Amino acid sequence: GTAVSVPLSDNGHVIHLVGTHLDGDIIEEIHDSRTHPRLRTRVADTVIPYTVDRLPEAMTHAELVVL
């Protein structure tokens, strides 16, 4: 999901990145440091990370969903 966020954010979109139930630590790290811990890359400021329990919030006003 983080990799897909790059071209979307590069084109001016705000991305709500939702991790699965297995991604809690990754989502927290992106939220805290703006860096993906496994990819060791900076995540754009237009990417808003959400844990899966916050999916309804992340979906609010969504115009497109990419899986």
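In which loop does Arg-34 lie? The legends below take up this residue after a view of the whole chain. The model is predicted.

Figure 1. Starting at the N terminus, the order of elements is α-β-α-β-β-β-α. The C-alpha trace spans about 30 × 25 × 20 Å along its principal axes. The radius of gyration is 11 Å, which agrees with the value near 11 Å for a compact globule of 67 residues. Of these 67 residues, 24% count as buried.

**Figure 2. Arg-34 sits in the loop between α2 and β2.** Strand β2 covers residues 35–36. Arg-34 has a positive phi of about 65°, yet it is not a glycine. Most residues other than glycine have a negative phi. Arg-34 counts as buried because its relative accessibility is 16%, and the cut-off for buried is under 20%.

**Figure 3. Arg-40 is found in the loop between β2 and β3.** Strand β3 covers residues 41–42. Arg-40 is not a glycine, but its phi is positive, near 55°. Is Arg-40 buried or exposed? Arg-40 is exposed, because its relative accessible area is 72% and exposed means over 50%.

**Figure 4. Asp-25, Glu-28, Glu-29 and Asp-32 form a negative surface patch.** One of these residues, Asp-25, belongs to helix α2. Helix α2 comprises residues 24–33. Asp-25 has 66% relative accessibility, so it counts as exposed.

How values were computed: Residues are numbered from 1 along each chain as its sequence is written. This is a predicted model: local features need pLDDT of at least 70, side-chain atom pairs count only at pLDDT 80 or more; totals for chains, interfaces and linings use all residues. Side-chain values use heavy atoms; hydrogens and water are left out. Patches are made of residues with over 30% relative accessible area and no salt bridge: like charges are joined within 9 Å, nonpolar side chains (Val, Leu, Ile, Met, Phe, Trp, Tyr) within 5 Å. Accessible areas come from the Shrake-Rupley method with a 1.4 Å probe; for residues, only the protein chains shown count as cover. A salt bridge is a side-chain nitrogen of Lys or Arg within 4 Å of a carboxyl oxygen of Asp or Glu. Lys and Arg count as positive and Asp and Glu as negative; His and the chain ends are not counted. The place of a charge is taken as NZ of Lys, CZ of Arg, CG of Asp or CD of Glu. Helices (H or I, at least four residues) and strands (E, at least two) are DSSP runs, numbered from the N terminus. Buried means under 20% relative accessible area, exposed over 50%, partly exposed in between (1.4 Å probe, protein chains only). The radius of gyration is taken over C-alpha atoms; the globule rule is 2.2 Å times the number of residues to the power 0.38.
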